[in-house]
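Here is a short walk through one protein model, meant to be read with the sequence and the 3D view side by side.

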Amino acid sequence: GAPEDRWAIPDEADVLVRQRDERSPTEVCLPLEEEDSGRDANGIEFYGPRSISSVRSRSFSIDPKAIRDRVSRTASLAGGLLRPQTDDAPAGMCQSQSKDQTTQVTMLCSALVFAYEGVAYNVVYLRRILPALGKEEYVFPFSVLFNVLLGMAVWSYVVAHMSDPGIVPKRWHSFVSQVGEALPVVPARLEWQPGKATLCRKCGTPRPERAHHCHVCGVCVMRMDHHCPWIKNCVGFKNYKFFILLVVYSSLTAAVALLTAMPELVFCVKSILRLEDDIGNHRKHLEITDTIVFMVFGLLALCFLALLMPMLFAHIPLAGANVTSIESHYDNTMTNPFDQGSAAENFAQVFGAYGLDWFFPVNPIQPLSDGISFPRVLCVEPSVLDTDHNGVQDGSMPNSVQEELWRKRYNVRAQPPTRDKETDVEFAPLRTLSRWLQGDGDIEAASPSGASR
């Protein structure tokens, strides 16, 4: 019989296709082996299939109704962090009980370390050890310095854990449903794909550039960096700033704790090992339990700092280059299209326009991106952004202007205007003359001018 209507596959179509087999209808991923490279209208290099004629010649087709159903379903779920328990989709924040238990244990360990370090430093070190050694003058400055950093670290930790990492919002899914086939969709590859929407094979819906699917949370996250078990949350567009502040303030807290307490830690070690005889007068003022607790505090601070420093040295350069952990593993030769030219400008893409809010775990007061589309230096920005908002995409931008920016950056094809079938009457001069000779009174209705009247 005649084949069903197929979805209009764009030049760089995703390979999620449905096998036309009545006995066992299954979805398969057809690899595109023939690839070619080029440059789009904005001069951005892209990689895609050389030809999809071979794909269309096979007995495969994309079910447009299934795609639209997935888009509608995902749009209804985008407002929350949890996905419902269904047969064809991962459920909850975690896909299995074992992973959930692992993340709970790691999160509990990190919370206990924060609590132990705070209590040991303030109660044991500042109130007992320093006064016993005759160093009361250091209590106040050490207390202020340590507790300010510890408070910022705990604040960043709570916000990073509880905040939305940047799940693809409902507005994007509504936008995808609105533009329909005019939105080009490309296969997701481990390479730069600026201005390209990719089809998630897990969710079954198109997702914005730089978005990736988290296999632990079961959702697509904008500008996803990684899933962090220590905070039991994804690290993405909306909480990457909080994660960096968490690493920075936690590292500073551990460093300050070790530096300020290092002489007393050495003293306690010598006191326990009885390496010197002249410390007996001070040792009788110290409780053995305080000494043990204080030494455990120093050991935890040292381990904590050893774990945090590699993360600090890894993520600071990544943020300075406007690259995520996933994007750092791309193997193509294309340069970073989102590099703004300097480390300060790249940090502003994460922290927002420079201000005091950079140093606090709060949402950027003036964000420079919405997570759906990102500015590119090598690309001429759409006039809708240059003239009205000077490159700033904040909450004051109207939805219509923002969606127009998405259309331009994603190269959404212009849809032809629909024609009214009732008034679109074919005009033929000979047929009109014949009907006039026969005395037909509806001649005007058959002419274009009559139809317009």
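## Ground rules and a buried serine

A residue is called buried when its relative accessible area is under 20%, exposed when it is over 50%, and partly exposed in between (1.4 Å probe, protein chains only). This is a predicted model, so local features need pLDDT of at least 70 and side-chain atom pairs count only at pLDDT 80 or more, while totals for chains, interfaces and linings use all residues. Residues are numbered from 1 along each chain as its sequence is written, and side-chain values use heavy atoms, leaving out hydrogens and water.

Let's start with Ser 373, which counts as buried because its relative accessibility is 0%. Ser 373 sits in the loop between helix H9 (343–351) and helix H10 (383–386). Helices (H or I, at least four residues) and strands (E, at least two) are DSSP runs, numbered from the N terminus. The side chain of Ser 373 makes a polar contact of 3.0 Å with that of Arg 409. Such a contact is a pair of N or O atoms within 3.5 Å; within protein, one must be able to donate a hydrogen and the other to accept it, and residues adjacent in sequence count only if both atoms are side-chain atoms.

## Salt bridges

A salt bridge here is a side-chain nitrogen of Lys or Arg within 4 Å of a carboxyl oxygen of Asp or Glu. That rule gives six of them. One joins Lys 135 to Glu 264, with the closest N and O atoms 2.7 Å apart. Lys 135 is in the loop between helix H3 (97–132) and helix H4 (139–162) and Glu 264 is in helix H6 (residues 240–273), so this pair ties together parts 129 residues apart in sequence. Lys 135 is partly exposed at 25%, whereas Glu 264 is buried at 3%.

Glu 209 and Arg 376 form another salt bridge, at 4.0 Å between the closest N and O atoms. Glu 209 is in the loop between strand S8 (206–207) and strand S9 (212–214), and Arg 376 is in the loop between H9 and H10, so the link spans 167 residues of sequence. Both Glu 209 and Arg 376 are buried. Glu 327 also bridges to Arg 210, with the closest N and O atoms 2.8 Å apart, and both of these residues are buried too.

Three strands make an open sheet in the order S6-S7-S8, with mixed pairing. Its edge strands are S6 (185–186) and S8, each pairing on one side only. Strands count as paired if DSSP finds at least two bridges between them. S6 and S7 (residues 197–199) run parallel over two bridges, and Val 185 has Ala 197 in S7 as its bridge partner.

## Annotated spans and cores

An unreviewed UniProt entry annotates residues 105–126, 138–158, 242–267 and 288–313 as "transmembrane region"; such annotations may be inferred rather than shown by experiment. In the model, residues 138–158 are 95% helix, with end C-alpha atoms 30 Å apart. Residues 242–267 are 100% helix, and their end C-alpha atoms lie 37 Å apart.

A nonpolar core is a set of buried Ala, Val, Leu, Ile, Met, Phe, Trp, Tyr and Cys residues joined through side-chain atoms within 4.5 Å. The largest has 79 residues, of which Tyr 125, Trp 172 and Phe 294 touch the most other members. H6 gives the most to this core, with 16 residues. Leaving aside neighbours within four places in sequence, Phe 294 is in contact (heavy atoms within 4.5 Å) with residues including Tyr 125, Ala 261 and Glu 264.
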